Amino acid sequence: MSTHFDPTKHISSSAAYPEVSFHHHDTDDAAFKKKVRKTTILLSVITIIELAIGLAIYTIHKGENPNALLVLMFKGAVCILTLAKAYYIVSVFMHLGDEIRNMIMTIVVPLMLFIWFIIAFVADGNSYKNLRNKYDKHFQESTMPADHHKKAEEPKPADAGGKQ
Amino acid sequence: MSEALSVHPEIVTTHDVHHDEHGGGHHKETFISKYIFSMDHKTIGKQFLITGIIWAIVGGLFSVLFRLQLGYPGQSFPILETFFGHWAKGGQIQPEFYYALVTMHGTVLVFFVLTAGLSGTFANILIPLQIGARDMASPMLNMLSYWFFFLASVIMMSSLFIQTGPASGGWTIYPPLSALGQASDGSKLGMDLWLVSMAMFIVSSLLGGLNYISTILNMRTKGMSMTRMPLTIWAMFFTAVLGVLSFPVLLSGAILLLFDRNLGTSFFLSDIVVNGEVLPNEGGSAILFQHLFWFLGHPEVYIILLPAMGMVSEIMSVNSRKPIFGYMAMLGSLFAIAILAFLVWAHHMFVTGLNPFLGSIFVLLTLLIAVPSAIKVFNWLTTLWRGNIRFTPAMLFAIGFVSLFISGGLTGIFLGNSTIDIHLHDTMFVVAHFHIVMGVASFFGMFAGVYHWFPKMFGRYLNNTLGYIHFWVTMVGAYLIFWPMHYEGLAGMPRRYLDKSGWVSFNQFGDLDKMITVVSIIVFAVQLMFVFNFFYSIFKGRKVTTQNPWGANTLEWTTPIRPGHGNWVGEIPEVHRWPYDYGKDGRDFIPQTEPIGANESKH
Amino acid sequence: MATTANVHQTKWWSGGKSPFNMEYGKLMMWYFLMSDAFTFGAFLISYGSIRFSQNFWPDPNVVFNAFPGAGHANLPLAFVSVMTFILIISSVTMVLAVHAGHKGDKQAVVKWLAWTIVGGLAFLSCQAWEWHHLITGEHATLIDGQIKMVGQTTTVNPWGDLASASAVADALKNTSHETLVQLVSSHDHSVSHEQLAGMSQEKLISMVNAADLHIRENGPVAFGGYFYGITGFHGFHVFSGVVINIIMLIMTQKDVFQKRGHYLMIEKAGLYWHFVDLVWVFVFLCFYLI
């Protein structure tokens with residue numbers, strides 16, 4: 001097997017990969033450690049805020065008159081915070097932020113596909129619900145949540161976000 | 001300084017390799033390491049090709065069998081019973097058999113032949129040779145890619161021989177039919193094997209795709225900038241990107257379907273009564289599976305088509321002795337197609353209960369594909385225009401590709417409109433459309449590639465006479481088979497039906513269907529002739545005596561006639577120009593390795 | 001450094017070198033992770049699609065409110081925050097392992113890798129506990145006109161909407177004797193289990209305090225399928241990440257990387273591990289927070 005060409009096999013330790021022209025090392029130890037510490041604290045703080053919002057949503061739900069809009073806004077906030085967390089993990093922990101700009105683009109640009117992926121799937125799921133509520137009364141009656149612990153006489157048309 | 005330093009290790013390294021191969025006698029390649037578990041990209045490419053050919057024979061044979069049923073419903077063919085036993089009781093194809101044949105025909109040809117057999121073959125053979133690399137970035141993973149494909153093949157093949165038969169819910173395996181074993185025989189064990197085989201196939205495609213992408217990005221020889229790459233490589237690049245980003249979505253769908261089948265979940269199942277039994281499954285959505293499937297399924301169409309487009313562009317330029325017309329436009333349209341491929345999946349689902357408003361957005365995005373497609377067609381035609389055309393078999397197939405792409409592509413515009421699709425959906429019109437534009441056209445691209453690069457692969461030529469017969473019969477046959485299907489479809493004749501003779505309105509097509517069946521048998525026979533030509537020529541074909549038999553510019557023709565592992569003897573050549581300098585400054589062709597002359601005109 | 005000064009003049013795309021100055025293995029790892037992101041993305045988006053197709057979806061705060069050793073105390077989100085922090089910290093230790101690798105500091109690599117493995121195993125244990133707790137939990141649920149004690153599985157979901165008092169009263173009549181005993185003993189500790197077992201159906205029904213029990217209807221079953229499916233798939237990634245890290249640890253111990261002259265392999269394992277953390281961020285969002 002050893003006659004097979006393997007680009008990594010014939011290298012001295014100095015030039016591990018011929019296609020790589022230099023290795024950038026983290027500038028200096030203390031600065032790097034500081035950056036990692038900062039990111040860790042940041043991630044923890046964001047997580048704690050997320051948990052606080054989660055509990056806030058819980059309290060709102062327990063209350064007499066859940067405010068659907070407020071819940072929706074809280075959920076939106078959590079989504080944004082999650083994206084911030086993802087940004088820090090990818091850019092600092094995975095060192096993507098230290099790579100060449102074009103490399104960053106090859107990762108970030110394809111992720112844009114998720115936008116339409118999510119919109120289309122979720123919109124169609126929502127449409128499926130509306131269609132069934134309209135044409136399948138049994139589905140509607142058996143699954144529509146009761147309005148504050150008593151079955152609503154006239155079920156409200158479901159809105160997209162707040163259907164806990 | 002960094003540039004000089006960065007390049008030298010590459011050259012020094014590769015030089016070492018060369019010495020290792022020819023000087024060092026202490027490594028002996030065994031038969032197993034050279035032909036079976038080979039890590040040479042060329043051998044792996046040939047493995048993909050030959051496995052693909054075997055699958056193509058199987059898949060093609062299936063189509064002949066179900067065409068017998070469609071052309072001669074109710075007629076008995078005793079020989080079928082001899083071979084297939086109770087699947088063809090009394091010499092008649094049984095319904096379960098028919099659906100298994102249709103399903104496996106689609107699965108085998110779409111995935112095993114036109115994905116693995118096409119892009120697996122030519123990406124492997126052409127990428128390192130045309131960008132100037134010794135091998136793929138990771139020869140090891142490349143080898144694994146083939147062997148995962150082989151494993152997938154073994155599993156799929158074994159499903160043909162089990163008691164309840166292979167999957168038979170159509171190649172799109174829509175639940176609930178595919179999810180419920182009690183619904184049909186083909187949804188029993190055969191369906192599980194289908195899903196497992198496909199999971200292996202996805203692993204194979206992923207390993208291959210990652211390798212193709214990182215090889216193209218990282219391993220180009222000096223001077224081979226991205227815009228000096230032949231269009232074949234660009235096409236393979238986008239193909240790999242499509243595969244890497246879309247196959248995982250099918251994997252998710254397959255895993256969820258496996259759970260629904262075996263673990264009692266309800267991802268895709270809800271409100272079902274089967275054989276009088278009310279199933280407890282609730283809350284799932286069958287439309288969701290179709291979304292997941294077509295999120296792969298649509299890019300898959302381009303995974304099949306793009307390599308053919310790339311090879312056709314290259315072959316057409318070489319054999320017209322003219323530069324490809326509009327290189328950047330070709331590249332841009334490939335890119336546009338690759339992006340749009342991800343955005344249009346639900347145009348396969350207009351009549352499923354998809355939200356009509358959402359559908360209208362998908363119509364818009366779908367029709368946008370016509371723009372880059374048209375750009376490509378015009379560029380091919382203008383490449384031919386006033387060319388000094390050499391009608392080699394490869395060139396004929398390339399021209400045939402363009403013809404098929406036009407006639408199949410135009411019907412795509414019909415189907416892309418949701419209102420017209422309501423009438424045409426699931427009719428023979430759809431069958432005609434996708435067979436011409438994706439099936440036959442991609443096959444033509446593949447044949448063109450095989451005829452053109454056979455000398456590089458095996459150091460011999462394919463027989464030309466057989467090649468011409470192959471082309472003309474296939475070309476005429478393809479149109480005779482699929483063109484009439486448009487009329488059947490417009491008249492409302494559904495696809496996938498076992499026997500349409502019960503409908504008075506379809507009786508007028510009885511003779512037409514017989515004709516289609518007869519022609520498809522002839523075309524299948526001619527493909528067998530091609531297979532004979534292929535294997536015969538590997539051993540007995542006319543030998544290649546010059547390094548560059550087609551007078552082409554690209555790097556693969558600077559290697560020895562039968563290149564060893566590592567491709568070039570000595571250093572990898574440096575590239576100084578784009579690959580399409582044909583008929584320039586009074587010269588027939590100028591290879592990529594030739595430095596730009598002092599008084600050379602710009603292209 | 002001379003090299004950094006020249007970066008701007010380098011023709012990255014002219015061939016003969018990596019346009020991203022990145023070895024092919026790392027490039028492949030990045031694109032593999034991209035592919036895997038689409039696998040997870042497809043799972044989570046399917047979950048979203050199904051969730052939007054339902055009129056009712058359980059509140060995660062109600063579902064995930066248990067903590068090991070805390071009995072029936074209502075502690076929403078407490079345990080999952082522990083799991084989240086474990087994963088974040090293990091990501092940090094992995095960063096330090098990769099950093100130590102850059103410096104060629106074998107002892108530090110071993111130390112940080114070991115901590116990462118411990119973190120991974122801790123996470124897996126937490127997940128095992130959580131799954132076990134959910135599956136074996138006994139929640140009074142109104143199913144098919146009677147009360148049943150069920151846990152969260154792929155076919156039933158005890159976290160539906162709160163059942164109306166009249167529906168519960170009707171259902172109690174059809175409920176099995178054994179379940180009634182369990183219902184009564186859950187809030188009335190004055191009577192022993194044996195005594196309850198000896199009582200008649202009617203007596204037991206009269207003792208049930210339905211208002212205290214918060215009996216729920218059978219919720220959307222897709223909840224369980226997606227929860228177990230996606231956290232299971234994520235757990236499988238954590239598991240394989242732990243295996244990869246163990247292999248890296250052994251290779252480091254055996255001086256494989258020292259001889260090779262670089263610890264780039266650790267870097268690739270690190271990318272995988274961070275990706276697992278990244279996915280958890282989104283799983284956490286989709287299942288526990290919103």
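**Labels and their cut-offs**

Modeller: A:Asp29 forms a salt bridge with C:Lys103, the closest N and O atoms being 3.0 Å apart. This is a predicted model: local features need pLDDT of at least 70, side-chain atom pairs count only at pLDDT 80 or more, and totals for chains, interfaces and linings use all residues. Residues are numbered from 1 along each chain as its sequence is written, chains are lettered from A in the order in which they are written, and side-chain values use heavy atoms, without hydrogens and water.

Colleague: Why is the pair A:Asp29 and C:Lys103 called a salt bridge?

Modeller: A salt bridge needs a side-chain nitrogen of Lys or Arg within 4 Å of a carboxyl oxygen of Asp or Glu. The closest N and O atoms of A:Asp29 and C:Lys103 are 3.0 Å apart, so the pair qualifies. The count between chain C and chain A is two salt bridges.

Colleague: What makes B:Ile413 partly exposed?

Modeller: Buried means under 20% relative accessible area, exposed over 50%, and partly exposed in between (1.4 Å probe, protein chains only). B:Ile413 has 35%, so it is partly exposed. B:Ile413 lies in helix α13 of chain B (helices are DSSP runs of H or I, at least four residues, numbered from the N terminus).

Colleague: How many residues of chain C and chain A are in contact?

Modeller: Contact means heavy atoms within 4.5 Å. By that rule, 70 residues of chain C touch 72 residues of chain A.

Terms used:
Helix = DSSP H or I, 4+ residues; strand = E, 2+ residues; numbered from the N terminus.
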